Every structure is written in structure tokens, then in C-alpha cells.
Amino acid sequence: MAFYTPPMTETQQQPSKGQRFTKAERLLSRSDFDRVFSHKVSAGDTQLTLHISANGTGLARLGLIVSKANGGSPRRNRLKRLLREAFRLNKGAFAGFDLVLLPRGARTPDSFVLLQQSLLSLFEKAHAEWQRRAAGRAS
């Protein structure tokens, strides 16, 4: 049985190969998540909590933890899609870091723009703290 797929408009074009969210850019194993949590620098706001850790690979990698407190499965899946897209569009800014994102329950908006702004501002805060800690270790 074939399904009808409408043609893509200009705004719905497939991402180029360099813009895709590949398997190498995902935190998949428990040990990856444990490493981020043990060496983490955290930042949070009313919508998200972000944990970052340097990974030494030059790649940005993303892990998502979306609990049932965020709603039913359609809402949780939508949040994950929006967060992956915000990461994918800005992954150059996160190079060399593993990021773990935790949406904060029902307070997390379904707006892509708000989630993207939150992610970027939290990364700036966490990255500044990471640099401060790295400078403290070097001296």
C-alpha cells in the first residue's frame, strides 16, 4: 500500500548532508550520559536544564531526557523533535561538547523559537562557567 507524500515546499527542504543529525552526534549509551553527569557544568531556566561536558572529539553530541512529567507521548515526542532541531541548526556553536537536555515538566513551551533561545542562552552560561573552571585548574 502506497502513501501519498505531498511535494516539499521551499521551506520544507531536506537538510543537506552536513546539516543532518547523525548517529555520531547522539549520546546513546548509559556510559555517555554518566560521563556527562560526572564531569558536568549545568545551567537552567524555567524551561530547560542543560548539562555540558567537553568530549575531546570536536563534535557536538546531544542526549535528551524527557520524563512523563512533560505530558503524554505525543507531547514528549514533539519536545524531543523541537530540541533535536534546535541542536541541529546550531550544532557548530556546541562543537567539542556533549549536551544533555532535560525539559522542565509542563512549564516547557511547545514553541521552537523559545526552546532554541533557551538552549542557546543556557549554553552560553554553562560554557562561560566551564571556561572559568578550566582557567582555575590551569593556574
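## Sheet, helices and a salt bridge

β3 and strand β4 (residues 97–103) run parallel to each other and pair over 4 bridges. This is a predicted model. In this pair, L62 stands opposite L99 of β4. Strands in a sheet are held as pairs by backbone hydrogen bonds, in a parallel or an antiparallel manner.

Which strands make up the sheet, and in what order? There are 4 strands, and the order is β1-β2-β4-β3. The sheet is open, and its pairing is mixed. At the edges lie β1 (41–44) and β3 (61–64), each pairing on one side only. On average, neighbouring strands are turned by 20 degrees against each other, direction ignored.

D98 and R61 meet in a salt bridge, at 2.8 Å from N to O. Side chains of opposite charge can pair when their charged atoms come close.

| Helix | Strands it lies across | Angle to β2 |
|---|---|---|
| α1 (residues 30–38) | β2 (48–54), β3 and β4 | about 95 degrees |
| α3 | β1, β2 and β4 | roughly 40 degrees |

Helix α3 also meets another helix. Helix α2 (residues 73–89) and helix α3 (residues 112–138) have axes that come within 9 Å. How do these axes cross? They cross at roughly 55 degrees. That angle makes α2 oblique to α3. The crossing of α2 past α3 is right-handed.

Which residues make the contact? From α2 come L79, L82, L83, E85, A86, F87 and L89. From α3 come F112, L115, Q116 and L119. Sorted by class, this contact of α2 with α3 has 9 nonpolar, 1 polar and 1 charged residues.

Conventions
Residues are numbered from 1 along each chain as its sequence is written. This is a predicted model: local features need pLDDT of at least 70, side-chain atom pairs count only at pLDDT 80 or more; totals for chains, interfaces and linings use all residues. Side-chain values use heavy atoms; hydrogens and water are left out. Axes are lines fitted to C-alpha atoms, for helices over the stretch in contact, and angles run from 0 to 180 degrees between N-to-C directions. Helices (H or I, at least four residues) and strands (E, at least two) are DSSP runs, numbered from the N terminus. Angles under 35 degrees count as roughly parallel, over 145 as roughly antiparallel, 65 to 115 as roughly perpendicular and the rest as oblique. A crossing is left-handed if the near helix is turned anticlockwise from the far one by less than a right angle, and right-handed if clockwise. Contact means heavy atoms within 4.5 Å. Ala, Val, Leu, Ile, Met, Phe, Trp, Tyr, Cys and Pro count as nonpolar, Asp, Glu, Lys and Arg as charged, and the others, Gly among them, as polar. Two strands pair if DSSP finds at least two bridges between them. A salt bridge is a side-chain nitrogen of Lys or Arg within 4 Å of a carboxyl oxygen of Asp or Glu.
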